[in-house]
Amino acid sequence: MAKKRPTRATLKVMKVGGVKNLVMLYTAYYVFTVGEIVPRASSAEFGASFLLESICTIVNAVIIGYMTAYMEELNRKSAELSAKINLTNTAMINLALTRPLKTEISKYIYNTHTTKNLQNEMTGFLQDIKPSLRSKVVKTSFVAVIEANFVMRKLLKERTDQIFTMSLNMMKTQLKNARLKFKDKLITILVS
C-alpha cells in the first residue's frame, strides 16, 4: 500500500518547533475517539480539533468513572443481599419449613434489607445537614408518605373539607360583622 504524500499545510505545521508533539497528541486523540485515520488539516483545524477532542476525552473519563463507582456500589449491595438470602435459605432448608412460610420469610428478608438500607442512607443524610433543613426534609418526606397512603389521603381530604367549611363560615361571619359595623357607621354619619 502506497503512502499518501502530506499536504503543504501539514508539512508547515510539522516544521514549527514543538508542534510535532501537538500533532502527535492530536493524532492519538483522533484515533482514540473516532478510530479512523487522521485527515489532512490546517493548523487551525488541528488546534480546534485537539481542544475539542481533549475536552471530550476528559468528559468521557469522568462519565466512565462515575458509572464504575455506581456499578461497584450496586454490586456491593447486591452481594450483601445475596449473602443474607443465602443464609436465610440455608436456615430454612435445615429447619424443613413449608413452602408458603419460606416464601413469606424470603419476602420479609428482602423488604427489611431494602428498608434498612434506605433508613441508614436517610439517617446519614439527615445527620449531614443543618437542623432547620432537617425539619423541612422530614416534613416533606412525611407528607409524601401520608399522601401516598389511601386511608391517610381520605382522612386528609375529609379534614381539608372540614377546614374549608370552617374557614368559609368564619369568613361569612366576619363579612356579616363588617357589614353591620359599616351599616352602623353609615347610620351614625347620616343621623349626625
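Modeller: R76 forms a salt bridge with E80, and the closest N and O atoms of the two are 2.6 Å apart; the term stands for a side-chain nitrogen of Lys or Arg within 4 Å of a carboxyl oxygen of Asp or Glu. This is a predicted model, in which local features need pLDDT of at least 70 and side-chain atom pairs count only at pLDDT 80 or more, while totals for chains, interfaces and linings use all residues. Residues are numbered from 1 along each chain as its sequence is written, and side-chain values use heavy atoms, with hydrogens and water left out.

Both R76 and E80 belong to helix 3, four residues apart, which is about one turn of the helix; helices here are DSSP runs (H or I, at least four residues), numbered from the N terminus. An α-helix has 3.6 residues a turn, so residues three or four places apart point the same way. Side chains of opposite charge can pair when their charged atoms come close.

How accessible are R76 and E80? R76 counts as partly exposed at 39% relative accessibility, and E80 is also partly exposed, at 34%, where buried means under 20% relative accessible area, exposed over 50% and partly exposed in between, with a 1.4 Å probe and protein chains only.

A second pair in helix 3 is K77 and E73, again four residues apart, about one turn of the helix, and their side chains meet in a salt bridge with an N to O distance of 3.9 Å. K77 is partly exposed with a relative accessible area of 25%, and E73 is partly exposed at 33%.

K77 has a further partner, E121, whose side chain meets that of K77 in a salt bridge of 2.6 Å, N to O. This pair links distant parts of the chain, since E121 lies in helix 4 and K77 in helix 3, 44 residues apart. E121 counts as partly exposed, at 41% relative accessibility. Through shared partners, salt bridges join E73, R76, K77, E80 and E121 into one network, and the count of salt bridges comes to four.

Elsewhere along helix 3 sits T88, which is buried, with a relative accessible area of 15%. Leaving out residues up to four places away in sequence, T88 touches I105 and I109, contact meaning heavy atoms within 4.5 Å. I109 is one of the buried residues of helix 4, together with H113 and L126.

Helix 4 itself has 30 residues and reaches 44 Å from its first C-alpha to its last, close to the 44 Å expected at 1.5 Å a residue, the expected span being 1.5 Å times one less than the number of residues. Between helix 3 (43–95) and helix 4 (99–128) there is a loop that holds A96. The phi of A96 is near 55°, a positive value in a residue other than glycine, and A96 is exposed, with a relative accessible area of 64%.

Helix 3 is also the place of L51, which is exposed at a relative accessible area of 52%. Together with I55, V59, I63 and M67, L51 makes a nonpolar surface patch of about 470 Å².

Conventions: Helices (H or I, at least four residues) and strands (E, at least two) are DSSP runs, numbered from the N terminus. Patches are made of residues with over 30% relative accessible area and no salt bridge: like charges are joined within 9 Å, nonpolar side chains (Val, Leu, Ile, Met, Phe, Trp, Tyr) within 5 Å. Accessible areas come from the Shrake-Rupley method with a 1.4 Å probe; for residues, only the protein chains shown count as cover.
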